[in-house]
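Hi there,

Here is the structure I promised to pass on to you. Have a look at it first, and then read on for my notes on what turned up.

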Amino acid sequence: MAIQRAIAAEGKVDAGPNWLLRDLMGLAAVLAVAGIGYLLFPNNLALLTRITAIALLVLSLDLVTGYCGIATLGHAALFGSGAYAAGIAAVHFDITDPFAMAAVGAVGGAAAGLLAGAIMLRGRGLAQLVLSIAIVYLFHETANKASNWTGGSDGLAGISPDPVFGIFGFDLWGRTAYVFGIAILAVVFVLLRLLVRSPFGMLCRGIREDPVRVSAMGASVNGTLLRMYAISGAVAGLGGALNAISTQVVGLDSLSFTTSAEALVMLVVGGTGSLFGALVGTLTFMWFEDFVSAINPFHWLTIIGALLIAVVLFAPNGLYGTATQLLHRVWNKR
Amino acid sequence: MQTVFSVGTDALAYGMVLFVISIGLSVTMGLMRVVNLAHGAFAMIGGYIASYATQILGLGYGVAILLAVVGTILIAIPIERFLFRRIYGAPELTQVLMTIGLTFCVIGIANYVFGPTLKTIPLPETLRGPVDLGFRSIAAHKLFAIACGIVVAGALWVLIDKTSFGVKLRASVDNAAMAASLGVRTKIVYAVSSAVAVGLAAFGGIVGAELLPIEPYYALRYMVTFLVVVSVGGAGSIPGALVACLVLGAIDTTGRYLVPEYGEFFFYLAVIAIVCVFPNGILGRRS
Amino acid sequence: MKKILLSAVAAVALCSSAFADTVKVGVVGPFSGPFAIQGKNFKAGIDAYMALNGSKVGDDDIEIIYRDLPQADPAQSKALAQELVVKEGVQYLAGFYFTPDAMAVTPLLEQANVPLVIMNAATSAIVTKSPYVVRTSFTLWQTSAPMAKVAKERGVKKVITVVSDYGPGVDSEAAFTTTFKAEGGEIVDSIRMPLSTNDFSPIMQRVKDSGADAVFAFLPSGPTTLGFVKSYNDNGLKGAGIQLLAPGDLTQESDLPALGDSALGMLTTFHYAISHDSPENKTFVEAARKAIGNPAELSFPSVGAYDGMHVIYKMIEATGGEQNAQKAVDAVKGMAWESPRGPVSIDGETRHITQNIYLREVAKADDGTYYNKEIATFEKQGDPGLAAAK
């Protein structure tokens, strides 16, 4: 309920004339954080790139879970499809231009999204959750079986992307990969902001609130959700492609249940139903995980568990969701 | 023909083991409406206590089971009181987050305290080794698991459908406010049923330990299996869970016999097919 | 904690770490999660080596920096390796339990000027990916192929293979099948089962139906082997005299107490048994048991790590603490020494370890514990997997 109210509030503000300003501020915030990351952690860019790739996955998960109300524990199927599409294009078809690889990844992800969506929409609630699990396992097994194409469990190695614009190579320090990733993330972020505010985005939110009513209004519920699934797949696929380009290896883990579950955890930590929530969740979770696992590589899992419990107890709407709520409350008191 | 019987027996045994381990989850998910990903964690705690009781304290198998069930419930009481009560009625995703966090904690602590090795619960002499059924031999502990499954299913059915507690439980689940105003002490009903669910988890963890050995990662390793079985059966439905376990056990076993290479495909395609035909689970109530 | 912070503060640019007083070694392995026991063994092997040989080479202090990688995840592997090299300034990378994780790091090595010493990851091809890779563990080809000879010698004619359906399983199957056929044996069926298999009864039924004299099996060490071996007993295969043959992953020492009587008499081929009888091994086991805390947790990855450290110490000695990957790797090519597992050497061409492979039988000691008893030796085995790949 509270989340719905918060979103309704956000929606109202969005509808106002200053939405462009808000979007620009959002974009500026993303780029500022990215810039600070670059300056503060110049030796950790591979981690930051990985966070960027996963952020794309979490954003895409937010599109279906946060905006359409479809809970899924199998979203890595889309991410991994993008990664494998880009990787296979590079290894088997010699498409090594990073932009082309990203495009292939997006297409691969979208195709996987259509397929997964078509199955997912057959169920509701718990059944849907189980369908999503079945899907990610089927994808995983398919990739494992098709080892001629995917390298199986040894991973698809030998991806060597060309330098960006023929100048900036992907090297040890990972500067190119990071800037490339942030550029993709920024563009995707702006497009998604436009998307979720468009009539199509509103329709999706409507379906989440009350699918029966939306269909009574004459809109096609499944058609809309399927389209959203394809878009979400493209975003996840971009993330996967970025992973393939920056790591130069694609492993079965990119199609795994674990990755899917982690993405969902990150999304809920940040707060569902808001693009900022997805970004905040990814950044917080992955940074925290890296931090505690470096301090104690042996027993850090307990601390992560405690963090998740603490989030539920003290920030039930996710870090971003609860923070905005608090801000709203302070604002209204004035 | 003999092969069919043989594989059929395996399927029945596997299905029953699945049933014993996951039925507790069906109670929490269906009756208490909590997506409890920590179910495996409670099963694992039960397994660790039983292993400790038999290996270190040298107690008998039966005593160890009792001790483990009671011990796990005792451990679960503060968890229910301080953590789970906060998520009754919360959105599903919040429940997922809380219970997965709890699972991580339990894994971390188990790894720290007991180390990462496998822990066994030695069976009593009578349950060890194979038993000859005439057309084949089967492990005695599997027969024991089948018996346990039948007993648990029967007891739960009586408890939920035939006793006044069952009536109160179903009333609280359907409409907590209305049940409370009619004099049902819903808090107690919830506490008792969560204790039952946890106890069943611990019991299942021990009985199934021959098939799913106890180690720190247990809680996550089999989480998906439990979740799938319960959801396919229809959360909260005891007969549904039983049917689902038997059907999925049969599909899994047959698939692994006929085409082991594609065992995983077989299983999950079947899950998708079943869910598409029965979107609320095989015997699930319409929500 | 303090150490890590300090080293983070002290981290300087890559090239200036030459002639440093402290040589850092970055170790990546599964220290938490489902494979935590293997990571723990990495650490035990390293700690044991440093306890026995000191933490100094010449004037240089050796510092180990651990990073956790719970499951195969090449993206994270690369991120960790990059962080270790660029931020922590490590001169050596080591560890790596899973093949894809090692594969993800190989493209970095040349630019980073860092050798990679693999302490476990067992797919043959890794060493070909970069000239800076040295491996001190084993490959599935190396440990599985001798089993085919054992089977032949023992008069086994028909074998069914049962392996987990992933890279190492497929390698193991290929190694056994190729060798056994070359010896004139017959493979009646080959089964690949999903990694997630819990109930092995239907598989055992298949084995029974196949009419084979023996079953060759590979599963990753850990929980599933328990179900597999028990199932083999419970379904009456042991009683029917169908011999179970496997590489030593199935009977790793830390799983033996759980396997108990059901594993008795099982034949495995492997590069190392904790029971190996030599003064070197006695010293090693004593130190490693102390390092790991619970002696029952000691297993084979510890010896890979121990010898890995030996190689790294040699590299540091040869370069005088200077960062020079080529010189370091060249220094250990052809190097031979007496490891706890027996005589070993680093092949000059493949940079993979040449070692004895032992045939072992699970036996019960006088004190009631179980151990792998070495009963035959295949001397100086290279990696047949590399030749097979060509």
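This is a predicted model: local features need pLDDT of at least 70, side-chain atom pairs count only at pLDDT 80 or more; totals for chains, interfaces and linings use all residues.

**Helix packing in chain A**

H3(A) and H8(A) run roughly parallel to each other, because the angle between them falls under 35 degrees. The helices concerned are H3 (residues 45-65) and H8 (residues 175-197) of chain A, which pack at an angle of about 25° with their axes 9 Å apart. The crossing that H3(A) makes as it passes H8(A) is left-handed.

Sorted by class, the residues in the contact of H3(A) with H8(A) are 12 nonpolar, 3 polar and 1 charged.

A second pair in chain A is H9 (residues 199-209) with H11 (residues 221-247), packed at an angle of about 120° with axes 10 Å apart. That angle makes H9(A) oblique to H11(A). Here too the crossing is described for H9(A) passing H11(A), and it is left-handed. From H9(A) come Leu203(A), Cys204(A) and Ile207(A), and they meet Val221(A), Thr224(A), Leu225(A) and Met228(A) of H11(A). The contact of H9(A) with H11(A) has 6 nonpolar residues, 1 polar residue and no charged ones.

**Where the chains touch**

How many residues does each chain bring to the contact of chain A with chain B? Chain A brings 33 and chain B brings 37. On the side of chain A that touches chain B, helices H6 (125-145), H12 (257-270) and H14 (301-314) of chain A each supply at least two residues. The most comes from H6(A), with 11 residues. By class, this side of chain A has 24 nonpolar, 6 polar and 3 charged residues.

Chain B also touches chain C: 29 residues of chain B are in contact with 34 residues of chain C. Which elements of chain B give two or more residues to the side that touches chain C? They are helix H1 (2-31), strand E2 (137-139), helix H11 (238-258) and helix H12 (263-277) of chain B. H1(B) gives the most, with 5 residues. The side of chain B that touches chain C is made up of 13 nonpolar, 9 polar and 7 charged residues.

**Chain B as a whole**

Chain B has 12 helices and 2 strands. Followed along the sequence, they come in the pattern α-α-α-α-β-β-α-α-α-α-α-α-α-α. The radius of gyration of chain B is 19 Å, close to the 19 Å that the globule rule gives for 287 residues, so chain B is as compact as a globular protein of that length. Taken along the principal axes, its C-alpha atoms fill a box of roughly 60 × 50 × 35 Å. Of the 287 residues in chain B, 58% are buried. When you count contacts in chain B between residues at least 6 apart in sequence, 74% join residues at least 24 apart.

Chain C has 13 helices and 15 strands. The C-alpha trace of chain C spans about 65 × 45 × 35 Å along its principal axes. Buried residues make up 63% of the 390 residues in chain C. Among the contacts in chain C with a separation of 6 or more, 72% are between residues 24 or more positions apart.

One residue to look up in chain C is Leu264(C), in the loop between helix H9 (256-259) and strand E11 (267-270) of chain C. Leu264(C) has 14 C-beta neighbours inside 10 Å, so it counts as partly exposed. Leaving aside neighbours within four places in sequence, Leu264(C) is in contact with Val362(C) and Lys364(C). Val362(C) lies 98 residues from Leu264(C) along the chain, yet their C-alpha atoms are separated by 5.0 Å.

Happy browsing, and do write back with any questions.

Best wishes

Notes
Residues are numbered from 1 along each chain as its sequence is written. Chains are lettered from A and ligands numbered from 1 in the order in which they are written. Two residues are in contact if their C-beta atoms, placed from the backbone, lie within 7 Å. Helices (H or I, at least four residues) and strands (E, at least two) are DSSP runs, numbered from the N terminus. Ala, Val, Leu, Ile, Met, Phe, Trp, Tyr, Cys and Pro count as nonpolar, Asp, Glu, Lys and Arg as charged, and the others, Gly among them, as polar. Axes are lines fitted to C-alpha atoms, for helices over the stretch in contact, and angles run from 0 to 180 degrees between N-to-C directions. Angles under 35 degrees count as roughly parallel, over 145 as roughly antiparallel, 65 to 115 as roughly perpendicular and the rest as oblique. A crossing is left-handed if the near helix is turned anticlockwise from the far one by less than a right angle, and right-handed if clockwise. A residue is buried if 20 or more other C-beta atoms lie within 10 Å of its own, exposed if 12 or fewer, and partly exposed in between; C-beta atoms are placed from the backbone. The radius of gyration is taken over C-alpha atoms; the globule rule is 2.2 Å times the number of residues to the power 0.38.
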